[in-house]
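Please consider the assembly shown below, with attention to how its parts are arranged relative to one another.

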2 protein chains.
Amino acid sequence: MTIRRVSTTTLGYAILGVLAREPLSGYELAGRMKERVGFFWHARHSQIYPELARLEGKGLVSYQVVEQQVRPDKKIYEITEAGIENLKEWATEPAEPRAVRDELVLKAYSLWLAEPGESLSLFREQERRHKEQLQRYEEIETWMEREWSSEIRKISSPRFASYAALQRGIGYERGYVDWCRWVVDQLENSTDE
Amino acid sequence: MTIRRVSTTTLGYAILGVLAREPLSGYELAGRMKERVGFFWHARHSQIYPELARLEGKGLVSYQVVEQQVRPDKKIYEITEAGIENLKEWATEPAEPRAVRDELVLKAYSLWLAEPGESLSLFREQERRHKEQLQRYEEIETWMEREWSSEIRKISSPRFASYAALQRGIGYERGYVDWCRWVVDQLENSTDE
DNA sequence: GGTTTATATGTCAATAGTGACTTAGGAGAA
DNA sequence: TTCTCCTAAGTCACTATTGACATATAAACC
């Protein structure tokens, strides 16, 4: 049997990408979205629950109710054959560049109006934050390289894919820290005021 | 007289940031949003026209109707004192990190399922696109450094701010190209398949 | 004993953003 | 002569996303 192409939203593919690795409840999925895919696709549980229901309606995921004594009952969602097939095809479809929206760059664009001292505080604070994020990513990188040393080279392993996504996170944060640093330097060594 | 703090949306501040440099019509503003601030804050004219009306209602911008013979009449919007004051304060207020949403990284996260050949095409194509964008930014950089050589060092000049925003664009695209290149290398030199 | 945190699944109103449609005149190309 | 593009300003329906509210149990903390 051939599997029918079913289109879903980008959020849907984000969820399928996580469920392709392991079956999860909506609650657990919300946690994964926060810690794992959060830096490149973010979603709250109020978006996740309805999206799971839609994916289930399209046959891309299925679920089983797991009854629990201590905790409330939960629905464990699993990706279906059709889900994997659709995710696989979507993964290599051409991606149109999405609009980047970065509020700090927007603030930088109006920085000429601001008090230099306050600008300095803002950018020093942002540099600190992005340094922290970078450090978190680098710790995960070290961990992955130690624990998954062989799998991260195999392009058919989900661990390679996780590692590849993390590499973008590291590159992004490094670039961000450098830019904040550059702005701070400009503000400190400016010729006017 | 003191100027009252009026809150607006991030889009509102994006518009104010452009109008603080020069008065423009809604149509022209849409063009500027596309070419100038587009890479860090994007908006269509269907968002811009209503937002301008709201900003006008809050007294942050004002407009004059300019009658034209050949072209349709237009409304030239100008930032007000209150607009500048509000923009100035917003510019150094702490910025909460907005969720980054990057579809390509999401695709990378599911790349382990895909056909390696198709993955290669996707990432080579993306590398090409980001190289092109980088080149466009670097041309603007060269132009700014030549034409605005002194002003880009003065932190009270709008040209410094434009240059600073551009620097982030350059850093972003450089990092993106490097990452695409790295993914392509991984796919070409993989040990499996 | 009361508060917060974690598990667990939802709904709902409001805002943000997209894409298509509308109207209208003139320019330039095929 | 028709078609497309540019200027100019909108509207509108739909989708995406957020933040708050709702409900329930148990553990851990103070």
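The model is a predicted one.

The contact between the copies takes 69 residues from chain B and 69 residues from chain A. On the side of chain B that touches chain A, the elements giving two or more residues are α1, α4, α5 (103–109), α6 (116–147) and α7 (158–188) of chain B. The largest share of that side comes from α7(B), which gives 17 residues. By class, the residues on this side of chain B divide into 37 nonpolar, 16 polar and 16 charged. Of the interface residues of chain B, 100% are also interface residues in chain A, so the copies meet through the same surface.

Two of the helices named above also pack against each other inside chain B. The axes of helix α1 (residues 10–19) of chain B and helix α4 (residues 81–91) of chain B come within 10 Å and cross at roughly 115°. The crossing of α1(B) and α4(B) is left-handed. From α1(B), the residues B:Tyr13, B:Leu16 and B:Gly17 meet B:Gly83, B:Leu87 and B:Trp90 of α4(B). This contact of α1(B) with α4(B) has four nonpolar residues, two polar residues and no charged residues.

The DNA strands remain to be described. Around DNA strand C there are 24 residues, the closest being A:Tyr27, A:Ser46, A:Arg71, A:Lys74 and B:Ser46. At least two residues of the surface near DNA strand C are supplied by each of α2 (26–35), α3 (45–57) and β3 (74–79) of chain A, and by α3 (45–57) of chain B. The most is given by α3(A), with four residues. This surface near DNA strand C has nine nonpolar, nine polar and six charged residues.

DNA strand D is likewise surrounded by 24 residues, of which the closest are A:Ser46, B:Ser25, B:Tyr27, B:Ser46 and B:Lys74. The elements giving two or more residues to the surface near DNA strand D are α3 of chain A and, from chain B, α2 (26–35), α3 and β3 (74–79). Here α3(B) gives the most, with four residues. The surface near DNA strand D divides into nine nonpolar, nine polar and six charged residues.

Key: Residues numbered from 1 in each chain as written. Chains lettered and ligands numbered in written order. Predicted model: local features only at pLDDT ≥ 70, side-chain atom pairs only at ≥ 80, totals over all residues. Contact = placed C-beta atoms within 7 Å. Axes fitted to C-alpha atoms, helices over the stretch in contact; angles between N-to-C directions. Left-handed = near helix turned anticlockwise from the far one by under 90°. Nonpolar A, V, L, I, M, F, W, Y, C, P; charged D, E, K, R; others polar. Near = placed C-beta within 6 Å.
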